[in-house]
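Hi,

Here is the model I promised to pass on.

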Amino acid sequence: MKYDVIIIGSGLGGLECGYILSKQGYNVCILEKNPQLGGCLQTFRRGKMNFDTGFHYVGGLDEGQSLYRLFRYFQLLNLPWQRMDENGFAEIILKDKSYFFASGYEHFTETLSRDFPHQDRQLKRYALFLKNVGENTLNNFTSQKENEFSVTSLFERSAYSFLQQTIDDPLLRNVLSGASLTMELCAEKLPLYVFAQINSSFIQSAWRLKGGGSLIARELAQSIRRMGGSVLTNAKVTQIVEQNGLVTGVQYNGEEQVEGKYVISDIHPALTLALIPESRYIRKIYRKRITDLPNTCGMFTTHLQLKPNKVAYRNRNIYLYKNQNPWDCGYSSDGKTSAALFSYQPPESDGVFTDNIDVLTPMHWAEMAQWADTSVGKRGKDYTDFKNRKAEECIGLALETIPELNNNIERFYTSTPLTYRDYTGTWEGSAYGMQKDYNHLLSTLLSVQTQLPNLFLTGQNLNLHGILGVSITSFLSCAKITGMETLIKDLNQ
Ligand SMILES: Cc1cc2nc3c(=O)[nH]c(=O)nc-3n(C[C@H](O)[C@H](O)[C@H](O)COP(=O)(O)OP(=O)(O)OC[C@H]3O[C@@H](n4cnc5c(N)ncnc54)[C@H](O)[C@@H]3O)c2cc1C
């Protein structure tokens, strides 16, 4: 079978590329190794309950905001989005005191100014800065014009130093960093742009999705099929076929072949290159550079299944930092879990109780290294013991923070970076893809173009992670085939 475009992986990036190109009249085929589509958007079912794997909430879905325009284009606005509490979509607990992030830049400033009246002016400046970044996010990537809020200049600055320079009160700096378990807070590397863009989009407005992230994947796949595209599951790409410097197609499941004029890969760039046998068109130095680049940390999630009608649903995320410092990456000096995000699943009907809460905390690959050669279900007792110990710590934090959980947890399930590695194929189970480093911008910010002219990359490893970041990159990848002007015209219609 011959296609215009073959897409490897059905994560958000792969599906969005499939949608964009199908809409432009290209005949696309998406190949997904798993039985379920969506990558980090997958949900898994235990008993009667659905649990989210990656996705938990998005920002900027109100009319005119950053994600709105993109999701209108992808026809995703009709999904059952649920607006989070506008007076506090995020509760940041530092030691024992709570601070709230309110929706809307002014409301955000007013709310925090009550706790930090002496920082009112600096808060206003901070919010204005985020507003400018947020309002320019999409345009900055799709137009070549540089301005004060250009992606490059802000990628080259340190998020940590920016906070030090612009906010005097160290406690307020920690509060402003507090909703940032959605990225890796690495003081020595995190670019200001990543920090500002993500925080800004959530401050615009924050939303959960009733029913879980898999609805996004299902909706996109249905649209692609309606437009004539193919979306195949249980189809693991095992080789990218190259002849004389051009990709001619891919092999999947070790035997089936499909031909394509272009290939877009939504999987980790190092894994993409590993699918291409030795080729003189891909320089060794390029392979080595990509393979050696560090990745962000992974996540350990304790999925709590709750007794029915016992725990009140809260329409906000709770971020807890026992050590008061979000920049210590979730561990205290004794190695114990010190930070967690508690994410409530919206009730299926309009009830007031939740059935499950996810407790997420960062986890480094080094902790997984001893089980790196094992596969799902065959990792041994010491791995199960390790997971149970970690889950106990996370549940301990949850019980301290949400006392109604006491006696109301029916059972729990866990996932580690190894789970992600084996289900979504993420390198080292990294949660947010390749690590961006403001000190080494050129080497850590990858281009969608590879050294083969008709092989492109997409997904969270390239520019920005998260739903908004991946959606923007999908346009950049497809623009290599269609041209950006055509896509922008289509997006604005
Ligand atoms: C724990 C966690 C929580 C998160 N929470 C949020 C959140 O609340 N909000 C937010 O905006 N973002 C969140 N994110 C980030 C967001 O989910 C991701 O940035 C985004 O979904 C990544 O999409 P992707 O297309 O880049 O890749 P992926 O989702 O990783 O998809 C890659 C796909 O490729 C498939 N694949 C791999 N190898 C092959 C192969 N050889 N052949 C065929 N298919 C293959 C995989 O099975 C997978 O389906 C979270 C991520 C994690 C891990």
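The protein chain is assigned domain 1 (2–55 + 213–293 + 437–492) and domain 2 (79–211 + 295–428), with bounds that come from an automatic or database domain assignment. Please keep in mind that this is a predicted model, where local features need pLDDT of at least 70, side-chain atom pairs count only at pLDDT 80 or more, and totals for chains, interfaces and linings use all residues. Residues are numbered from 1 along each chain as its sequence is written.

The centres of domain 1 and domain 2, taken over C-alpha atoms, are 26 Å apart. Their contact takes 30 residues from domain 1 and 29 residues from domain 2; two residues are in contact if their C-beta atoms, placed from the backbone, lie within 7 Å. On the domain 1 side, at least two residues each come from strand E4 (49–52), helix H9 (214–226), helix H10 (269–274), H15 and helix H16 (484–492). Helices (H or I, at least four residues) and strands (E, at least two) are DSSP runs, numbered from the N terminus. H15 gives the most to this side, with five residues. By class, the side of domain 1 that touches domain 2 has 18 nonpolar, seven polar and five charged residues (nonpolar: Ala, Val, Leu, Ile, Met, Phe, Trp, Tyr, Cys and Pro; charged: Asp, Glu, Lys and Arg; polar: the others, Gly among them).

**The ligand**

Around the ligand there are 38 residues, and the closest are Gly9, Gly11, Gly39, Gly425 and Gly459; a residue counts as near if its C-beta atom, placed from the backbone, lies within 6 Å. Helix H1 (12–23), strand E14 (298–306), helix H13 (417–424) and helix H15 (466–482) each give two or more residues to this shell. The shell divides into 16 nonpolar, 18 polar and four charged residues, and it draws at least three residues from each of domain 1 and domain 2.

**A buried strand residue**

Which strand holds valine 237? Valine 237 belongs to strand E11 (residues 237–243). Valine 237 is buried, because 24 other C-beta atoms lie within 10 Å (buried means 20 or more, exposed 12 or fewer, partly exposed in between, with C-beta atoms placed from the backbone). Leaving aside neighbours within four places in sequence, valine 237 is in contact with Ile8, Leu31, Val250, Tyr252 and Leu275. The C-alpha atoms of valine 237 and glutamate 32 are separated by 7.8 Å, although the two are 205 residues apart along the chain.

Best wishes
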